[in-house]
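Here is a quick walk through one protein model, from the overall numbers down to a few local spots. Have the sequence and the 3D view open as you read.

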Amino acid sequence: MEHLQQLALAVSLDLTVDEREVRAARYLPLDDPKGFIDPLGALVADIEHLRQDVEDATADRLFREAAGFSSARLSPENLMRLDLDWLRRTMQWDAARLHDWCVARGDAFSQGSPLLAAYVFAQVKNDPRVRGRKKEHREVHETLLDCLAEPFYRHARRPGDASPSRSWRTVEDPIVLTNLPELLERGDELERSMLVDVLDFEDEDLRALPYRSLDTVKSVLSGLRDVPPFNLADHHRVDPTQGGRPPRTWDDHIRGLADLMVGNQIEYGPDQLETVESALLAWDFAFQERIAQALDACEPPVALRKARIKGAQKEREHLIKDYSTRPRRLMRSPGYDLVQLISRYPAEHAGFHVRTVTRRVAVTTDDGFVRKRGIDFQDPNRVLLARSIVGSVRPPSLVHVLESSFHKDERRRLEAQPEWTQQERETLEGLGSREMHESDRVGSLGAEAAFDQVLSGSSGYRATGGLTERAEGRGLAYRAPRDGQDVWLTLDTDLQLHAQQTLERPSFGDKADVDQEWIKSPVGGLFLMTVKGEVLVAASAPSRHFEEEADWILNLGQIDDQRLHPTERIFLRPLSTPPGSTMKPLVAWWAMSTGLHGENGLWHLDPNDDSVTCVKARSDFNRHVRCHGYHRDHVDLRRALLHSCNAYFAYLGRRGSTQDFRDMVRTYGMLASTGAWGVDDSGAEDEGDSFWKIRMRHEDTNQFNEVWKEPTQGFGEQERELFANGLSVFDASPAHLGRAYAALATGTLPQLRLVRRVGDTNLTDEPGTDLTDPDNAFPLSEVHRKRIAELLVDVVNVTGASANGKGLGKDDLEFQLACKTGSADYSLGKGQEGLKDPKMRKRTWLAGWFPAEDPQYVIVAYVHDTSVTSSKSAVHLASQFLDNKLLENLVRFGPDGDKDQ
C-alpha cells in the first residue's frame, strides 16, 4: 500500500485566476524540459477542460430529461436531425459548441464498442444460468443472445433475472424508436411499421428456433455477414501461400465466440471479442439507419415536445450548481512542494484541496522503493526487482466488478430483512467479502496474485433491527471490515538488486573467452537460497520488454528471441533446460548409495576402483556422447568430476535402468513442486489459492518429458547415456537444481519458501526445514555425500579443474565455494551452418554451495544461448555475483544481519 496526496479543484464557472494561482502553477509537473509551456497557461487550460466537462455533463442530463434516453444512443447525424436550439440557448452555447457536443456524444457508441463487448462478456459470465456450469452446458448460447439484445431493446433481460419475459425472443420495444411518437411534436405522423422489426431479434422465424443451440446463434448473427464494413468472414484474411494462416470462416468466428463464453476464463485476448464488437456495431448501424428514416419522415424542424423541454430547462440551474461544486481531481500525485504550499496557505488557494488516499501499488515499480537504492526511477533501462515473482497490480476484470455489484445488491437486500434463515445467514457471510470497483487494484502476477485476498482484505457487513428485533436477538449480525495483511517475502532486496544488475549488466573485464553477443543482450538467471529453503535471490533476465530494440537484438548471433521476453526463469521453464554436467554429482551419489539396476543386476559404483578410458572420439564407454578428451588414460570418479568427463558418466548411464532414473529424479524432488508457493509435493493448494499459484503448481514441476509420467515407456541406451550427463532427456529449473544441491550439501531436501510471513503467521517454521531433525534425513548415504562434497571443493581448488582460476577461490571470495559446472548444447549458431566447424550455442550452469565446510547457502547460475562453455560463461557470472561485499557479509552475519557493515 502507498499513501498518496491528490490535488482536487472545486470547479466553478465564474472561477478567476490571480497571482496566487500563478505561484501554485509553478509546481505543476509539466512535460516541458525546455520551458516552452507557460505554467499559468497550462493550469488555466486544465481548469477550462474541467469546466467543459461540467457543461457537457449538464447538457447530457438536460437532454435525457427532455428525450427520456441518453444522447449517446443517437449517431451524430441523428442528433443533428433534431432541433436542439433549445439546448444551445439553455447552455448559452454558440452553434460550433453545440456541434462539438453532438459529435462527441454521437460517437460514444462506436468509441465505446470495445467496452460494451466486454460488458456483454461479463454479463454472460455472471448469469446465474451459466455460472459454475461445465463446458458442455448449452445455456450460454441463449444467454449470449439475451445480452447482445440488451443495448437495443427496452425490455432486454439483465443478468440476475432469468425471467422469460426478458428473453431476446420476446422483446418488442426498440429503445429510442418506441419513444419517438410521444417525444416529437409531430410524432403522431410516424407509422407503426417504421418503429418495429428493426433487428433480427424480432424475426418470428428466428424466435422459433430451438433453445440452447449454437445453430441458433449462427442464424441470428448470419445477417451480419453481408453488412459492410463489418464482414467478419473476411476479417484478418491472409494468403496461405505466403505463410499466413488460412482465413477464418463465419462458423469459425461464432464457434470461437461460443467456446470463449462457455469456458471458465474471465479474461479475453485482443481479438476474442471482435465478433461481439462487430455485431454490436453492425446492429447499431442498422438501428441508426431506421432512426434516420423515422426522423426524416417527420416534417422539419424535428422538435421535441415543448412540455418536455420546459421541464428539462427547469433543472438547468440546479444541475450546473450541482456539477460545478463537485471536486474534480486535477492531479493524482502532486509533488511535495505543491502539497505544502496549498496545505499551509489554504486561504490563498481557495478552491484547491489536498487529500490523502491509500492505493495499492506494485512494489517492483514503486518510486521510493527503488530510488533510495540508487536507481533512477525515470531511467527506462532500470532493472526491475523480481517483477515476475513479486508480481504486479492491475484493475480488476469487468467480470469481477459486475459480480461484485450483484453481490453488493444482494447483501443490502439481506441486511434490510428483519430476520434470516440459516441459509440466508450463510449467504450473507459469504457476500461480506471484498467489493470491487473499477478504480481498485488486484494482483495479476506472482505473490500479488497468489495472496490477493490476503493483501486486499474484506468489506464485512452489518445488519440492524428495531427494538423488537433487538429484544428478541433476531436479525442482528456484524462483521467488521478487515484490512489487508502484509505479506513478507524471503527475497533480500539488496541481494536481489545486485543479482539483477549482475545479470542485465554483466562486466567480465578483459576476459577474451566470453560471448560478447550474450553480454550485449543477456538471458539467464541467478538463484540463491539458504540450505533450509528460504529463497534470497530469484533474478531473471531480461526483466523488461525491448520492443524498440527488437530488430537489433534479433540480428545478433543468438538463435532465438528470448531476449525480447521478460520471462520468469527460476521456477518456470519457458524452454527446455537440461542441467548438463551439474547433474553428474547427483548421479554419482545415487550410484554409490543405492546402486544401479542394469541388465546384469544390481551394481554399486566404487569411487576409487571403477574407471573408464576417457578418449575424445566415441568408444565402447561413450557410444552416444562426445568426450572432452582431457585424458587418454583411465579416469576415476574424482577426475571425472573435476574435468566433467562425459565418457565416465555415459558408462554409468548404461549401467542403470529407466526405473533408476525415475526414482532418482523423484528422490531429488525434481518432479514435484519445490514448495516455494506453499504448495506441497502432493499438489494440494493452501487456503487462498489463485490462478498464479495453480500455474506455479503445474509449471514448477517437470512436465516436459512424457517418459517421466508413463511407466511403460523406457529409456534406450542413448537416452540413458544422455541422462547421466544431464543432456536432452531431462530438464531442471534453477530452483529444482538448487534444492537438489541443498540435499547434496546437507543431507536434507528442504521445501523452498518464497513467503516468510503472512500477517502474524510465520511460514518458514514448516516441517522439513530443521536440519537437526533426524526425520528429515535424506535416504542416501551420508558417507558418500561427504565424498562428493569434497570433490566439488576440488572443482574450485585443483589446477585444471573446470571452475579453477576463475575468481571463485577462497582468496577471491573470502569463503570456500563447492560447485559443479555444466553445459548443454542448444543448437547451431545462427547463420553458421555452412562453416567447417559450426559453433554450437549452449545453455550453461554453475551449481554449488558455500561455505563449503559449513553449508549455509546454495547458488545456481544459468546462462541461456551462449557460444562458450560453462567455465567461460556461468562461472564468470557466478564470480561477478559472489565477489561482492554483500555476499561476504551474508556469510559473516547471516541473512538477517547488517550487510552494509
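## The overall picture

How many helices and strands does the secondary structure of the protein come to? The count is 37 helices and 19 strands, taking helices as DSSP runs of H or I with at least four residues and strands as E runs of at least two, numbered from the N terminus. This is a predicted model, in which local features need pLDDT of at least 70 and side-chain atom pairs count only at pLDDT 80 or more, while totals for chains, interfaces and linings use all residues. Residues are numbered from 1 along each chain as its sequence is written, and side-chain values use heavy atoms, with hydrogens and water left out.

Of the 901 residues, 52% count as buried (under 20% relative accessible area, with exposed meaning over 50% and partly exposed in between; 1.4 Å probe, protein chains only). The accessible surface is about 41,900 Å², and carbon and sulfur atoms hold 47% of that (Shrake-Rupley method, 1.4 Å probe; for residues, only the protein chains shown count as cover). Take the contacts with a separation of 6 or more: 71% of them are between residues 24 or more positions apart, where contact means heavy atoms within 4.5 Å.

## How confident is it?

The average pLDDT is 77, and 73% of the residues score at least 70; pLDDT is the predictor's confidence in each residue, from 0 to 100. Two stretches to treat separately come next. Residues 10–23 stay under 50, and the model has 28 contacts beyond four places in sequence for them. Residues 366–378 also stay under 50, with 20 such contacts.

## A three-stranded sheet

Here's an open sheet of 3 strands, in the order β8-β15-β16, with antiparallel pairing. β8 (487–489) and β16 (761–762) sit at the edges with a single partner strand each, so one side of each has no neighbour in the sheet. Pairing here takes at least two DSSP bridges between two strands.

β8 is joined to β15 (residues 755–758) by 3 bridges, and Leu 489 stands opposite Val 755 in β15. β15 and β16 make a hairpin with 2 residues between them, and Gly 759 in the turn has a positive phi of about 65°.

## Covered spots

Helix α8 (residues 139–149) is mostly covered: 11 of its 11 residues are buried. Among them are Glu 139, His 141, Glu 142 and Asp 146, along with Val 140, Leu 144, Leu 145 and Leu 148.

Thr 674 belongs to the loop between α30 (658–667) and α31 (691–699). Its relative accessibility is 0%, so Thr 674 counts as buried. Gly 533 is 141 residues away from Thr 674 in sequence, yet their C-alpha atoms are 9.3 Å apart.

## The cavities

A search of the whole structure turns up 4 cavities of 30 Å³ or more. A cavity is a set of points, on a 1 Å grid over the protein atoms alone, where a 1.4 Å probe fits but cannot get out; lining residues have an atom within 4 Å of a point. Grid points are joined across faces, edges and corners, and a volume is the space filled by probe spheres set on the points.

The largest cavity holds about 90 Å³. Its lining has 13 residues, with Ala 386, Arg 387, Ser 388, Ser 540 and Ser 543 nearest the centre. α18 (387–390) and β10 (535–541) each supply at least two lining residues, and α18 gives the most, with 3.

Conventions:
On a 1 Å grid over the protein atoms alone, a cavity is a set of points where a 1.4 Å probe fits but cannot get out, and a pocket is an open set with protein on both sides within 12 Å along at least five of seven lines; lining residues have an atom within 4 Å of a point.
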